[in-house]
Amino acid sequence: MSEKLKLIIELVPSSSWNQNLRSLLKPQMWERLKKEVYKKYDYKCSICRAGGKLHAHEVWDYDNKKYVQKLADIIALCSKCHAVKHIGLAGIHASEGKISYENLIKHFMKVNNCDRDVFEKHQAEAFKKFEVRSHFEWQIDLTEYQNGLK
Ligand SMILES: [Zn+2]
């Protein structure tokens with residue numbers, strides 16, 4: 001089911017939090033990389049094509065046998081698509097009144113052209129996956145982005 005969705009939830013295992021390229025790169029390298037990514041996507045969200053403020057999102061591949069978490073891509077996302085990707089964090093921000101969780105659900109349904117049922121199921125699957133993955137220590141593989149690492 002998930003394969004058909006344009007916008008999916010990608011929760012990073014809690015055991016890997018803080019192990020991202022952004023925190024490993026020198027700030028100016030990250031800034032440069034971000035600009036390249038935004039340019040590559042013509043300064044639009046790579047999923048819903050919205051303009052405006054963009055975020056650079058790290059896409060990870062998970063090898064569930066070797067427990068290797070590999071950085072596969074970096075894509076440009078609008079604030080809403082990015083918040084959906086990290087919907088666990090978005091939930092915390094929503095509880096603090098910073099964003100509307102309901103608006104994110106609406107965005108998910110609009111981009112994926114689906115109903116709330118599909119969202120609920122997908123969200124439940126994403127959290128289940130997150131819980132399972134969070135039990136393991138993942139080896140972070142940044143091979144393709146090694147240039148510019150500290
Ligand atoms: Zn978007």
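These are my notebook entries on a predicted protein model.

**Ground rules.** I number residues from 1 along each chain as its sequence is written. Since this is a prediction, local features need pLDDT of at least 70 and side-chain atom pairs count only at pLDDT 80 or more, while totals for chains, interfaces and linings use all residues.

**Overall layout.** I found six helices and three strands in the protein chain; helices are DSSP runs of H or I with at least four residues, strands are runs of E with at least two, and both are numbered from the N terminus. Along the sequence I read α-α-β-β-α-α-α-α-β. I also looked up the span of the C-alpha trace along its principal axes, about 45 × 35 × 30 Å.

**The core.** Next I checked burial: 19% of the 150 residues count as buried (20 or more other C-beta atoms within 10 Å of a residue's own, with C-beta atoms placed from the backbone). Which residues have the most contacts inside the largest nonpolar core? They are Cys 45, Leu 77, Cys 81 and Val 84, in a core of 19 residues. Such a core is a set of buried Ala, Val, Leu, Ile, Met, Phe, Trp, Tyr and Cys residues joined through C-beta atoms within 7 Å. S2 gives the most to this core, with four residues.

**H5 against H6.** I then turned to helix H5 (residues 101-112) and helix H6 (residues 116-133), which pack at about 110° with axes 9 Å apart. Axes are lines fitted to C-alpha atoms, for helices over the stretch in contact, and angles run from 0 to 180 degrees between N-to-C directions. H5 and H6 are therefore roughly perpendicular (65 to 115 degrees).

Definitions and conventions:
Angles under 35 degrees count as roughly parallel, over 145 as roughly antiparallel, 65 to 115 as roughly perpendicular and the rest as oblique. A residue is buried if 20 or more other C-beta atoms lie within 10 Å of its own, exposed if 12 or fewer, and partly exposed in between; C-beta atoms are placed from the backbone.
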